[in-house]
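Subject: Structure for your review

Dear colleague,

Please find below the structure that I promised to pass on, together with my notes on it. I would be grateful if you read the notes with the structure open beside them.

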Amino acid sequence: MLNRQELTDIISGFVPEAEFPEGKQLLEVIVPAEKLFSLVENLKSDKRTAFNYLINHTAVDFTTHFTVVYHLESTDFRHLVVLKSLIADRENPNIDSLTALYPTAEYFEREVFDLFGIRFNNHPNLKRFFLEDDYGYPLRKDFRDEVNIIER
Amino acid sequence: MSSNIYDFSTLTGSIHAWLSGLMSTGWVTFTEMVLVGLAFLLMYALLGLFLVYAERKVCAFMQNRVGPNRVGPYGIIQTIADLIKLLMKELIPIRKSDPLLFNLAPFIVIICSFLALAALPYAKGLQAIDFNIGVFYVMAVSSLSVVGILIAGWSSNSKYSLIGAMRSGAQIVSYELSVGLSLLAIVVFAGTMQLSGIVESQADGWWIFKGHIPAVISFIIFLIASTAEINRGPFDLAEAESELTAGFHTEYSGIKFAFFFLAEYMNMFIVAALGATVFLGGWMPFHVGHWEGFNNIMDYIPSVVWFFSKTFFLIWVIMWFKWTFPRLRIDQLLTLEWKYLLPISLFNIVFIAFIVLMGWHF
Amino acid sequence: MSEEIIKDVIIGENEDYIINMGPQHPSTHGVLRFEVCLKGETVKYLIPHIGYIHRGIEKMCEANTYPQIIHLTDRMDYLSAHMNNEAVCLLVEDALQVEVPERVKYIRTILDELNRIASHQLWWCAFGMDLGALTSFFYGLRDREHILDIFEESFGSRLLHSFVMPGGLMHDVHPNFQKRIKEFITYFRKKLPEYDQLLTGNVIFQNRVKGIGHMSKETAIGYGVTGPSGRGSDYSCDIRKIAPYGAYDKVQFNEILETGCDTWARYKVRMAEMWESLSILEQLVDNIPEGDYTAKMKPIIKLPAGEYFQRVETARGELAVYAVSDGNKSPLRMRFRTPNFSNLFVMNEITAGHKIADLIAISGSLDLVIPDIDR
C-alpha cells in the first residue's frame, strides 16, 4: 500500500500538469481531460500502483463546468485514488472512454451519458440507458421538467 | 373366496339383465355405453377436483403451510371455486396464432387422458374395456398427449410456448422408451399384456415382491420415467415456471388452461394407476405367504379401496418428488434417459427374460 | 401454418432467435429485461435492459436534506435497507466529525448482520425457486419471519426501517432486543442445517449449479463484481475487512472466499456467510454497551463544502456513496454506486454458451435486486 505522497509522486511522474487539491478526505487528482485515459492506463499497468478496480464513476454538474469523477482502487494494495477531469464545454461535453481498461466503465459511462449528456469517445455502445433519446439530461442543474418535477 | 363378495361383475351383470328385460339388444348396448360414459365423465371431474385439492394439501404439508382452508371445511370446496373462476374467465384470442390448432390442442390433451381411463381395472369386475393388449393401449394413448402439447406450443405463436413444447416433445419421446421397457419387464413375468390378466397373475403376490430385484429396478425406472412422461417436477421442463413462465400453456386462459391443468393431473392418476396395477397388484389385496387369518382380513377390504389406496400412494410419491427436487436441465434430462435409464432397462429386461426362462421367479 | 408465424418465430440468420425475458418474468426478480439471443436452447449473447423502475433517487437527493435522503436509500436495495441507511449516516458523521456512541456502533452492526442473514435467506428461497425447488421458498421465508419480527418490535417496520439517523439511532431499541436475537441465534443454528438437507446436498441441485457461470477473478474485478458473488471468484472484496466501520473492528470473523468461480461457489459463499453472520451476532449481542442511542446533533444538518466518499458492505456487495456538498442542507450531488448495477453486467460474459435454464441459475446466483440497479 502506497501512501499519499508516494502516489502523488508517481502520478506527477505520469502527468506533470496534474493538480493535487489539499485537505480532502481521499487523495484527489485533477487531470486534463485529454490526459485522463493515458494516466489511467499507466496507473493500471504500473506494477507499483496496479489500480485494477474502478469503484465508481460519475459526473457532477457545477453549473459552470462538469467534473468527471473516477474512484480507482487497487485490489492488491488497497490504495485508493480519486481522479477528476473538468469539462468546461456544456454544449458538447466529451471525454475519452475507459471501457478498454475496465469493462464496468461501459455501463457507468452509459449512465453518465444518459443523465448528464457527456459523450464518451471510443465507447462501444453509447446509447441512452433509462430514458428516451429526446429526453433532456436530468442530472444537469439547468434541467427543467414542468410536468413531472415540482420545484420547491 | 371372500374376495368375491365385492365382485362388481354381479352388480354390472344385474344391471345388464335388468336393461335386457326392458329393451332390445341394440338399445341395451347403447344405454350401457351412455351410462359408462357418464360414469367416466363424473369420475374424471371428481378425480380431477380431488387431485388438485390433494396436490395443494400435500404441497402445503411439505412446505410447512396450511394449504387451502377458507372455502368450505378444510378448504374442500376451494377447487370448485377455482373451477368456477376458470370457467368464467375470458378466453383470450392470441393475435397471429393458428386459431384451429390453438383451440384444438387442449381437447387433444384431455381426450388422450380420458381414453386411457377406459382400460384400467378399478376393482374386481370393474373395467370398461379389457383389451388383450391393455398395457400397450394405455401407454400408446397416454403418450399421444404430446401431440396436443406440441400443437399448443406451436400454435400459440409465442417463443416461450414453442421452447416448452419442443422440450416436452424431446422429453416424452425419450422417456416413453423407459416406461415401455419397465412395463415390458412385468409383461414378461406375467406372460400377458392384458391388464386384468396381469392383476390375476398377482393373486399370490405382487410382482414387485415376486419379481426379485429386477422388478424393483423396473418399478423405480417406471416411477422416474413416468414422472418425466407426465411433465411433472423435477421433470417439468415443458412448463418450467421460472424459465419459460408457463411453457406450452403460457398463452392459454380460462377453461382451455383448465383443460391442460386437469389433463396433467389425470395423466398423473393414469400412470399411478398403471404402476399400481402392474407392479403393486392392482386391486389385489396384500397377502403374506401362508398367514391365512391375515390374508382373510385383507380380503375383507374391498378391492376398489385397494386399487385407489395404491394409486394414491403412488400419486403421493410423485407429488413428493415435485415438491422436493429442483428441476433438471434439458441436457441432463436427456442424459439421464439415454445414458442411464435406457441401458439399465435393456439389461434388466434381458435379465428378466433369463429369470423367466429358468423359472426362478415365484 | 401461416407465413406470419414462421417469420415471427425465426429472427436473424442461422436460426438464432431472440426472446425477451422480462420485464414481467418470474425469475428476473423484478422489472428487468434480458434480451437473450438463443440458438436452440443455448444462449449466444444477452443484453440487459434496465430502467423500468428508475425513480431518479440521485436527482431526488438534490432536493432533500440528509435525514430525508436516508429514507430514499431504503428503496434502492430493499433487502439490505439497513446497510444502505448506514452508508449515508456514516458519510454524514464522517463529514461532520461526529463521534458516535459505542452503543450505536454495536447496534448498527448487529442490525447489519441480521439484515444480511435475512437477505441471504430470501436469496436462498428465490434461488431454490429459480431452479424449480419450490419448497425452499417456504423454508427460507419461515426463518426470515423471525428476523422481521425482531425488526418490527424495535422499529415498527419490517422491511424498510430507516432506523439509523445521522449521529445514531432514531430511538433506543426495544428492551426485548437482545433476548429475541439470542433466541433467534439458537433457533437458526438448528434450522440452517435443514437448508443443506433440502437443497445443498441434492444431486440434481449440485449438477445444476456446478461448473456453470464461470467468472474468473479478473472478470470479477474488471466488471466490479463485489459481495458474495465476487468472493465466489476468490476476489477478496469485503469492505467490512478492508475499511471497517461500526463495530466490525471489534469482532472476529472470516471473509468467506471460494475458489470455484462458478454458481456453486457463489452459493457456498452465501451459505457460509449466514453462519459467519450468526457468529458475529453472538459476539456482539451480549456486549452492547450502555449509553446514549444518539450523539448530539444539530437540528439542521449542513455538510461543510467538499466531497465525501463512504463505502459499506451490503448483502450484495459494495455500496459506495459519493456526496458533493456546497455547504447547504441538501447535497449538490449524491451518487450511489450500487452493487447490483455492476453485478448485473457481468451476466453476458458468464452466460454465453450456457443453456437457458443455466441463465436463470446464474442470475439467481448473482442475487440481483432490480430497484438497486435502477435507483
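Predicted model: local features only at pLDDT ≥ 70, side-chain atom pairs only at ≥ 80, totals over all residues.

**How the chains meet**

There are 2 pairs of chains in contact, and of these chains B and C share the most contacts. Chain A and chain B, by contrast, do not touch, and their nearest C-alpha atoms lie 25 Å apart.

**Chain C against chain B**

In this contact, 40 residues come from chain C and 31 residues from chain B. The area buried between the two chains is about 3100 Å², and carbon and sulfur atoms give 60% of it. There are 2 salt bridges between chain C and chain B, and one of them joins Arg167(B) to Glu41(C), with the closest N and O atoms 2.5 Å apart. The interface of chain C and chain B also has 8 residue pairs in polar contact, counting pairs in which both residues are at pLDDT 80 or more. On the side of chain C that touches chain B, the elements that give two or more residues include helix H1 (3-9), strand S1 (17-21), helix H5 (102-130) and helix H15 (356-366) of chain C. Of the elements there, S1(C) gives the most, with 5 residues. By residue type, the side of chain C that touches chain B divides into 24 nonpolar, 8 polar and 8 charged residues.

**Chain C against chain A**

Here chain C and chain A each bring 35 residues to the contact, and the two chains bury about 3100 Å² between them, with 55% of it on carbon and sulfur atoms. Lys59(C), Glu307(C) and Phe309(C) together supply 19% of the area that chain C buries against chain A, which is more than any other three residues supply. Across the interface of chain C and chain A there are 5 salt bridges, including one in which the side chains of Arg335(C) and Glu111(A) meet at 3.3 Å, N to O. The count of residue pairs in polar contact between chain C and chain A is 16, with both residues at pLDDT 80 or more. Among the elements of chain C that each supply at least two residues to the side touching chain A are strand S6 (306-314), strand S7 (317-325) and strand S8 (333-337). That side of chain C divides into 15 nonpolar, 8 polar and 12 charged residues.

A further salt bridge joins Lys141(A) to Glu62(C), the closest N and O atoms being 3.1 Å apart. This pair crosses between chains, from the segment after strand S6 (119-121) of chain A, where Lys141(A) lies, to the loop between helix H2 (57-61) and helix H3 (66-73) of chain C, which holds Glu62(C). Lys141(A) is partly exposed, with a relative accessible area of 23%, whereas Glu62(C) counts as buried at 14% relative accessibility.

**Salt bridges within chain C**

Over all chains, the structure holds 48 salt bridges. Within chain C, Glu273(C) forms a salt bridge with Arg231(C), the closest N and O atoms being 2.4 Å apart. This pair links distant parts of the chain, with Glu273(C) in helix H12 (residues 263-285) and Arg231(C) in helix H10 (residues 227-231), 42 residues apart. Both Glu273(C) and Arg231(C) are buried, and both belong to a network of salt bridges that also links Glu113(C), Arg116(C), Asp238(C), Arg240(C) and Glu313(C).

Lys105(C) and Glu102(C) also form a salt bridge, with their closest N and O atoms 3.9 Å apart. Both residues lie in helix H5 of chain C, 3 residues apart, about one turn of the helix.

**The two domains of chain B**

The domain assignment of chain B gives domain 1 (10-88) and domain 2 (91-358), and the centres of these domains, taken over C-alpha atoms, are separated by 20 Å. The contact between them takes 19 residues from domain 1 and 26 residues from domain 2. Together the two domains of chain B bury about 2100 Å², with 83% of it on carbon and sulfur atoms. Between the domains there is 1 salt bridge, and the side chains of Glu55(B) and Arg232(B) meet in a salt bridge at 2.8 Å, N to O.

With best regards

Key
Residues numbered from 1 in each chain as written. Chains lettered and ligands numbered in written order. Heavy atoms only, no water. Contact = heavy atoms within 4.5 Å. Buried area = accessible area lost by both parts, 1.4 Å probe. Salt bridge = Lys/Arg side-chain N within 4 Å of Asp/Glu carboxyl O. Polar contact = N/O pair within 3.5 Å; in protein donor to acceptor, adjacent residues only side chain to side chain. Helix = DSSP H or I, 4+ residues; strand = E, 2+ residues; numbered from the N terminus. Nonpolar A, V, L, I, M, F, W, Y, C, P; charged D, E, K, R; others polar. Buried < 20%, exposed > 50% of the residue type's maximum accessible area, 1.4 Å probe, protein only. Domains from an automatic or database assignment.
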